[in-house]
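I opened the model to look up two things.

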Amino acid sequence: MNIQLTKNQIYWNSEFDRLVEKHARSTGLPVVADFYSDGCGPCRMMAPVFKKLAKEYQDKAVFVKIDTNQVHQLSSRYSVRSIPTFISFYNGKKANEFSGAGEQQLRQMASSAVDQAEYENVVLTRESLAEYYQTQDPSKTQENVDSVYQKCVDMMKNKQITDCVGAAAQKLSRNLRKKYKSAPTLVPRFTEVDRQSKTNNDKAKAKPDSSSAGASTSTKSKSSGASDKPNLNLATIEELEKELAARREAMAEAELEAQDEDEDEDAEFQHGWAPSDFPERVTIIGGGPAGIAAAIYAARAGLEPVVVAPPMGGQLQGKGVDVENYPGMVNVTGPAVVATMRTQAASFGAVFEAETVLNIDTSTRPLKVITNTSTIETHTVILATGAESNWLGVKGEWEMRGGGVSTCATCDGHFYKDTHVLVVGGGDTAMEDALVLARTSKTVTIIHRRDTFRASKVLAQRVIEHPSIKIKWNTTVEEVLGEASANDPSKQLVTGAILKDVTTGKSITQPCEAVFVAIGHTPTTKFVEGVVEFDMKHSGYIQTFEGSTRTSVPGIFAAGDVADSIYRQAITSAGSGAAAALDAERYLSEEGLGNEQAEFEAELLREMMEDMPSKAGSGLDDVYNVYADAGSAAKGYKESVGAEL
Ligand SMILES: Cc1cc2nc3c(=O)[nH]c(=O)nc-3n(C[C@H](O)[C@H](O)[C@H](O)COP(=O)(O)OP(=O)(O)OC[C@H]3O[C@@H](n4cnc5c(N)ncnc54)[C@H](O)[C@@H]3O)c2cc1C
């Protein structure tokens, strides 16, 4: 699926500028922009979140998507060096920015942009200020009032704005309240009706230079009579080009509208979890290969599992190159592998709760899985939350995430075309990153703290033999260096790194434009600290027992990278996910925990049957009694689980 397809796509610089300016002047709505690219896993991960927020805030903010591969100038104007990057604009100016796949951060950014816009959606009219002074301080002349008013207008520093509005109006109002103990009346600057008419106007218009003379818009030519059509025979080349661009855009927009509607039919939206009065039998936390394999097995066993995980996540999402070692999968990238698995699980009846789990309450039975927005009661839990990238923890690293420091070469590599980049690490991920970057960067230097690679032989050999990859053995990164971007001084961009030779202790400064950190992963298990026992020998990993996926808590199982300090592969994770589903099913059988909803419904029907007139003399002797079988059917359902598996 191509994530760029949305009706809010920006194709040109000028289109974006017009949009931001228009909303500053005519609607007061903030603009939230998603700088992304198609091959980037975290961008794919954030795409549904961005879309969800765009829907949530549809009348309160404008959400646009900018493909960094297509609209280069905008990316460089805002010094975007990592994707996804989200930037909010208010009143024609950049208000906020962050890079990375942070759902909470994006929510926060959108919500604070909307709050700010609502707070600033006020106007103080000249008449209102004059009236105010008349009651509070009649000594003020009209000239005094005009001067105060003009100061407020000037504070907005926007020549197009000639009224006392927004933050300036709020400030003036606060100052006057302090002085006179009451404030002048502020009224909304833009009403819902204003905003809607502006937005609808937009939709009706074709965008590129549609109002300019000569080439009329394609929309116009469709809706109006023949006389409105431009006379293309007499048009200049420039006018013809404009007309062509307008027509192309109108066609693209129509296509995107249709695509956007189709996207709402995504499997995950159709298979969302809904709370019920009965506990779930299996709740799986994590939507990577382990979680999804567990979901497929449990779903095929009729256990109707719930998969709780943010929409699209996991380590394979960051793998833009093909997964070459998963049997049966040929020529497919990491995100595509996971997407296929999810569709398969949904087709067997797995349901999805697109949330992050915060905690598991084991103090009562059923267990309670607590997310940001829901509490799921469940008899069993399968922990499959995988692992997260490690960071170096050196000076400059945190500050320059999004400005040249990255853990995703496939996502951010294209920003460093023809430049010098560093890759830190000695495992498979570092090798893959170096090979990906070597396709476009001028030089790639691997910084490795030992004198041999830990990576697989094949990959290590490819790297060692590559003409544009250099290796600095026995070297560590001490600090990432940077300077303010020329385009956006609020942003620091990488200019180099201080490297230390661990054998001699000497440090050097190595100039570079980016540092890709590939130093392994840590299991995502913090949220179950104190809930289940951890592996004593391998920090952060969950302890499983007796060659199974059972953990220290009955009913909780662990699969995939969270419980595997050795193999950590997609195939081994999927295998242990399947094992966890089998273990959970066995546990349910041993504990006599069946499908309570089906049993309850069967019991209800049985009671209803008993209340019905007896067969004798009722004339119902020959009628098939569906209720008589209901109990055994429900029981059979539960028992058939084992057979199916
Ligand atoms: C760049 C890269 C390339 C790789 N290439 C390969 C390869 O080619 N072949 C191969 O076999 N392996 C590869 N691997 C390793 C492989 O991706 C992992 O072994 C595998 O993904 C582990 O699967 P998992 O399901 O255990 O965890 P993950 O895939 O990490 O999935 C974890 C899931 O849990 C979710 N989650 C995390 N915390 C929470 C929470 N609190 N609440 C809810 N959900 C949560 C995540 O969103 C995600 O859905 C690669 C790894 C990386 C990083």
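My entries on the sheet and the helix pair follow.

**Ground rules.** I number residues from 1 along each chain as its sequence is written. The model is predicted, so local features need pLDDT of at least 70, side-chain atom pairs count only at pLDDT 80 or more, and totals for chains, interfaces and linings use all residues.

**Sheet.** I looked up the strand order and found an open sheet of three strands, E20-E21-E22, with antiparallel pairing. Strands (E, at least two residues) and helices (H or I, at least four) are DSSP runs, numbered from the N terminus. Two strands pair if DSSP finds at least two bridges between them. Strand E20 (475-484) and strand E22 (507-511) are the edges, each pairing on one side only. I read an average twist of 30 degrees from one strand to the next. E20 joins strand E21 (residues 492-501) in the antiparallel sense over nine bridges. I checked Glu-479, which stands opposite Ile-498 in E21.

**Helix pair.** I then turned to helix H12 (residues 289-300) and helix H17 (residues 570-590), which pack at about 40 degrees with axes 7 Å apart. Axes are lines fitted to C-alpha atoms, for helices over the stretch in contact; angles run from 0 to 180 degrees between N-to-C directions. H12 and H17 are therefore oblique to each other. Oblique is what remains after roughly parallel (under 35 degrees), roughly antiparallel (over 145) and roughly perpendicular (65 to 115).

**Contact.** I listed the residues that meet, including Ile-292 and Tyr-297 in H12 and Leu-582 and Glu-585 in H17. Contact requires C-beta atoms, placed from the backbone, within 7 Å.

Note on methods: Two residues are in contact if their C-beta atoms, placed from the backbone, lie within 7 Å.
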